[in-house]
Structure formats: structure tokens, C-alpha cells
Amino acid sequence: MTADSLSMTLSALADPTRRAILARLARGETSVTELAEPFRMSLPAVSKHLKVLERAGLISRSREAQWRPCRIEAGPLADVAQWVEAYRRFWEGSFDRLDTYLKEMQRKETEDGTGK
């Protein structure tokens, strides 16, 4: 994963319409027309969203006769999850240290007779 591909993925995920499209594709491949149904926008507008997702590597499209199914590609999402994981560990460590500190403060208050 390069920083540039991570930026493209995060940029594509920044839009709620594109996230909704990915959520739908997570249930299975479908056509552009079916993807467009729940949105109040034109097919060309949906196609623009699909192009952004495709450039980011989040979806792929194929052709089967007249049907052009779209499917989710999980690789870039796994890359984002891996990147976020480092920050999750950081925050968990920070919360653990805060929890230890607060327990120590409560213990001291209790020993000093200032606790309730």
C-alpha cells in the first residue's frame, strides 16, 4: 500500500453516496441501474461515483452480454483497516494509561480520607 493509494481510498470513502454503494456491493454484485435505484440522482451521476470507486480500486466492473455487473474489491479496504489498526492500538494504550491513572487517584483519595 502506498500513501497515494491510501489517499485515493480515503478520498473515495469520504462521500456518503460512495459508502452506500460499497455497502450495497458488499451484499453481492449488481448492475449500475440497480445501484442507482435508491439514490435521487441520474445514472450519469452514479457512474461518476463508480468511476471514483473504480480508480481507487474499491470496485471492479465487467461485461456479461448486456449486463455490466459491479463488484466490491476488498484489498484497499484491508489496507485502510491495517493503517487504522496502528491508531487503534495507540488509543487503547492511552485509555489504559488513563484508566490506571484514575484508579491510582481514587486509591489515594480513599487513603487520604478525601474520597466518598
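View A. Arg107 is partly exposed, because its relative accessible area is 37%. Glu111, at 55%, is exposed. In this predicted model, the two residues form a salt bridge, with the closest N and O atoms 2.3 Å apart. They sit 4 residues apart in helix α5, so about one helical turn separates them. Side chains of opposite charge can pair when their charged atoms come close.

**View B. Lys103 and Asp99 meet in a salt bridge.** The N to O distance is 3.2 Å. Both residues belong to helix α5, 4 residues apart, which means a separation of about one helical turn. Asp99 is partly exposed, with a relative accessible area of 37%.

**View C. A network of salt bridges links Glu85, Arg88, Arg89 and Glu92.** Within this group, Arg88 bridges to Glu85. Their closest N and O atoms are 2.2 Å apart. Both lie in helix α5, 3 residues apart, about one turn of the helix. An α-helix has 3.6 residues a turn, so residues three or four places apart point the same way. Arg88 is partly exposed at 37% relative accessibility. Glu85 is also partly exposed, at 25%. The model's salt bridge count comes to 8.

**View D. Nonpolar side chains form a surface patch of about 1100 Å².** Its members are Leu10, Trp83, Val84, Tyr87, Phe90, Trp91, Phe95, Leu98, Tyr101, Leu102 and Met105. Helix α5 (residues 75–112) gives the largest share, 10 residues. Leu98 lies in this helix and is partly exposed, with 44% relative accessibility. Phe90 is in helix α5 too. Its relative accessible area is 44%, so Phe90 counts as partly exposed. Phe90 and Asp4 are 86 residues apart in sequence and, C-alpha to C-alpha, 23 Å apart in space.

**View E. Thr9 is buried in helix α1.** Thr9 belongs to helix α1 (residues 3–13). Thr9 counts as buried because its relative accessible area is 3%, and the cut-off is under 20%. A polar atom of the Thr9 side chain lies 2.9 Å from the backbone oxygen of Ser5. Beyond its neighbours within four places in sequence, Thr9 contacts Ala56, Leu58, Pro76 and Val80.

**View F. Helix α2 has a buried face and a capped end.** Thr17, Arg18, Ile21, Leu22 and Leu25 are buried in helix α2 (residues 16–25). Down the axis of α2, these buried residues fall within an arc of 140 degrees, so they line one face of the helix. Asp15 caps the N-terminal end of α2. One of its side-chain oxygens lies 2.8 Å from the backbone nitrogen of Thr17.

Notes
Residues numbered from 1 in each chain as written. Predicted model: local features only at pLDDT ≥ 70, side-chain atom pairs only at ≥ 80, totals over all residues. Heavy atoms only, no water. Patch = residues over 30% accessible without salt bridge, like charges linked within 9 Å, V, L, I, M, F, W, Y side chains within 5 Å. Areas by Shrake-Rupley, 256 points an atom, 1.4 Å probe, with all protein chains shown as cover. Salt bridge = Lys/Arg side-chain N within 4 Å of Asp/Glu carboxyl O. Helix = DSSP H or I, 4+ residues; strand = E, 2+ residues; numbered from the N terminus. Buried < 20%, exposed > 50% of the residue type's maximum accessible area, 1.4 Å probe, protein only. Polar contact = N/O pair within 3.5 Å; in protein donor to acceptor, adjacent residues only side chain to side chain. Contact = heavy atoms within 4.5 Å. Arc of directions from axis to C-beta.
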